[in-house]
Amino acid sequence: MDAMEKTNLVIAKILQLAMDHGVSHWSLTFEDLELSEDFRTFFFPCVEWLEAEGLIRVGSYQRTLGGLANGSIENIILTSRGMAVLGSQIEIAGTVQPLSNAVDEVSRGKVDYHRIGDAIGGLLGGLTKSLGA
């Protein structure tokens, strides 16, 4: 798995957890993603990217000493832009579905990362630009 595939999986996991929690008080740690140590360096950068793209809002970052992904992120919520992006219809392997379904499938390991990679990374970037900055 290359760096972009790892990035896409981490992003999918974060978005899936944000969808699962809705607008509520909760805390996200790297361990919540249930990924191997190979993904540790992607944790904070992926959250920061999602926030910078306007897909999520973060209450606070609680970084601790001892490693790249030590600490937690408090109160991640999807923004209205994030909800709109996840509700957008995409076509993958001839099937049209909401992006949220694709995120769920990637997050749960049901889809080959090569087929979905552009949908999670490139499409998110393209859709956020098309929705306006």
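Phe30, Phe43, Phe44 and Tyr61 form one aromatic cluster, and three aromatic pairs are found in the structure as a whole. The model is a predicted one, and it comprises five helices and seven strands. This briefing takes up the aromatic residues, then the overall architecture, and finally the surroundings of one threonine.

**Aromatic pair and cluster**

- A pair of aromatic rings is described by the distance of the centres and the angle of the planes.
- Among the three aromatic pairs of the structure is that of Phe44 and Tyr61, whose ring centres are 6.3 Å apart and whose planes stand at 50°, so the pair is classed as tilted.
- Because Phe44 belongs to helix H2 (residues 43-52) and Tyr61 to strand E3 (residues 60-63), this pair ties together parts that lie 17 residues apart in sequence.

**Charged side chains over rings**

- Arg63 lies over the face of Phe44, at 4.1 Å from the ring centre, and the ring of Phe44 is also the one that pairs with Tyr61.
- Lys6 is placed over the face of Phe39, at 5.9 Å from the centre of that ring.

**Overall architecture**

- Read from the N terminus, the elements of the protein follow the order α-β-α-β-β-β-β-α-β-β-α-α.
- The protein has 133 residues, of which 47% count as buried.
- The protein exposes about 6700 Å², and carbon and sulfur atoms supply 52% of this area.
- When contacts between residues at least 6 apart in sequence are considered, 57% of them join residues that are at least 24 apart.

**Surroundings of Thr79**

- Thr79 is located in the loop between strand E5 (77-78) and helix H3 (80-87), and, with a relative accessibility of 9%, Thr79 counts as buried because the cut-off for that class is under 20%.
- A polar atom of the Thr79 side chain lies 2.5 Å from the backbone oxygen of Gly54, and a polar atom of the Thr79 side chain lies 3.0 Å from the backbone nitrogen of Gly82.

Notes. Residues are numbered from 1 along each chain as its sequence is written. This is a predicted model: local features need pLDDT of at least 70, side-chain atom pairs count only at pLDDT 80 or more; totals for chains, interfaces and linings use all residues. Side-chain values use heavy atoms; hydrogens and water are left out. Rings of Phe, Tyr and Trp (its six-membered ring) pair if their centres lie within 6.5 Å; planes under 30 degrees apart count as stacked, over 60 as edge-to-face and the rest as tilted. Helices (H or I, at least four residues) and strands (E, at least two) are DSSP runs, numbered from the N terminus. A charge sits over a ring if NZ of Lys or CZ of Arg is within 6 Å of the ring centre and within 35 degrees of the ring normal. Buried means under 20% relative accessible area, exposed over 50%, partly exposed in between (1.4 Å probe, protein chains only). Contact means heavy atoms within 4.5 Å. Accessible areas come from the Shrake-Rupley method with a 1.4 Å probe; for residues, only the protein chains shown count as cover. A polar contact is a pair of N or O atoms within 3.5 Å; within protein, one must be able to donate a hydrogen and the other to accept it, and residues adjacent in sequence count only if both atoms are side-chain atoms.
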